[in-house]
Amino acid sequence: MYLAARLLHRSAQSECERDAAEFIERRFRENTPDVSTESFFCIENYPYLFASYLSEYLVVGALSLWWPLIAFLYGGAIFVLYLFEFSGFRGLSRFLPQFPSQNVVARFLGTRPKSLVVVTAHYDSGFASPLSSPRVLPWLRTLQNVLLAAMVVVLATCVADFISSRGGEVNDLSLAIRCVAIAVLLTGALLLFSVSSQGEDIRGANGNASGVAALLQLAERFGESPIEEADVWLVATGSHESWMGGMRQFLDEHKLDRHNTYLLNLEGVGAGKLHYLTREGMLHAMPSSKEMVAIASDLSGDYDMAPGVMRSVPTEAHIPLMRELKAMTVMGLDTDGLPPHWNQISDRVTEVDERSIAAAVGFSETLLRRLATAHEERS
């Protein structure tokens, strides 16, 4: 209620986001003294950055008319940087203007810890745009793949022109194909520029005030009854809408042991049928932790959970999975397999079911306790 009703919004790097972080910190301190707010900086508008990458292929097209090899090398560098940034790493974004945000971390220490369990939920809210409408959302991954294919076509035609130029020939077909591919990329860039300027702040009740509510309830339970076999960190991340800026900063700042760390992400657990994601990722389907999925499968009947796959939007577990950490997401999905009210004006408190949040909390607590015990036995 505080996050999604009293605050008008929690847009990344805004004053309201800061107010939300201070509220979460106060609530955490009711259950553990080991609480810290970790400040960081990240860029404000990632759609602009991705649009800039796409628009660079106009320069690639111009270079290809005279120096196809140079155009291929330059276009290849842009392609690699785009994938690098899309995968959650800092490329050219580190040189752009940065704005402040913060993560809030609460720690519950076990008496004989053999592992570290991290539970995350981003607390900032997104913005409604044409790309987040229910009609467009199922096609986001397809649109992304079309843009990647267009980049590859541009690079392939540059190679074809270079080979043709060695024989003294002019390849008109490759020029025509390259022009079409560049037109597709420029259309994508213009769409991203337009969407960035048309976004409308939303309440973000299901996404992701519901995940934070679950995180705070877990803090109460672990405050009363800690997990003895593991240390537990509850992490409320900021600036998720700045291309998962809070999670990226958290992993950069804390060098987690891949073998003894498990990460559970709670996202949009207040609406739709609860699922534990077995695979997720827009670029390619990354498998969730085998140990976590196995325990989740055993518990699914008790908590009316179902396995799911998320390919349409990046979750908070996107970056941990890209870095080969043991991670899994709990998320509510509609019958079409998409998160309800994702970055839509309809994402209000009235659309959130408290019973769904309670079920996510019970499922998560049981899963984490079993996971910690199983890891201790294996150790």
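**Labels and their cut-offs**

Q: Where is the place of N208?
A: N208 sits in helix α8. A helix here is a DSSP run of H or I with at least four residues, a strand is a run of E with at least two, and both are numbered from the N terminus. α8 covers residues 205–224.

Q: What kind of model is this, and how are residues numbered?
A: This is a predicted model, with residues numbered from 1 along each chain as its sequence is written. Local features need pLDDT of at least 70, side-chain atom pairs count only at pLDDT 80 or more, totals for chains, interfaces and linings use all residues, and side-chain values use heavy atoms, with hydrogens and water left out.

Q: What joins G207 and N208?
A: A cis peptide bond, with omega at about 5°. Most peptide bonds are trans, and most residues other than glycine have a negative phi.

Q: Why is Q13 called buried?
A: Buried means under 20% relative accessible area, exposed over 50%, and partly exposed in between (1.4 Å probe, protein chains only). Q13 has 15%, so Q13 is buried. N343 has 9%, so N343 is buried as well.

Q: How do you know that L175 counts as partly exposed?
A: Its relative accessibility is 31%, so L175 falls in the partly exposed class. L175 is in helix α7 (residues 172–198).

Q: What makes the nonpolar patch a patch?
A: Nonpolar side chains (Val, Leu, Ile, Met, Phe, Trp, Tyr) are joined within 5 Å, like charges within 9 Å. L65, W66, W67, L69, I70, L73 and L175 make up the patch, with about 760 Å² of accessible area together. Areas use the Shrake-Rupley method with a 1.4 Å probe, and for residues only the protein chains shown count as cover. Helix α5 (residues 68–86) gives the largest share, 3 residues.

Q: How many disulfides does a search of the whole structure find?
A: 0. A disulfide needs two cysteine sulfur atoms within 2.5 Å.

Q: What makes a pocket a pocket and a cavity a cavity?
A: Both are sets of points on a 1 Å grid over the protein atoms alone. In a cavity, a 1.4 Å probe fits but cannot get out; a pocket is open, with protein on both sides within 12 Å along at least five of seven lines. Lining residues have an atom within 4 Å of a point. Points join across faces, edges and corners, and volume is the space filled by probe spheres set on them.

Q: What lines the largest pocket?
A: 30 residues, with P47, L131, L140, L192 and W243 nearest its centre. Its space is about 760 Å³. α7 gives the largest share of the lining, 6 residues.

Q: How many cavities of 30 Å³ or more does the structure hold?
A: 1. The largest cavity has about 160 Å³. It is lined by 16 residues, with H122, G207, E267, G268 and W342 closest to its centre. α8 and β11 (326–333) each give two or more residues to that lining.

Technical notes. Patch = residues over 30% accessible without salt bridge, like charges linked within 9 Å, V, L, I, M, F, W, Y side chains within 5 Å. Salt bridge = Lys/Arg side-chain N within 4 Å of Asp/Glu carboxyl O.
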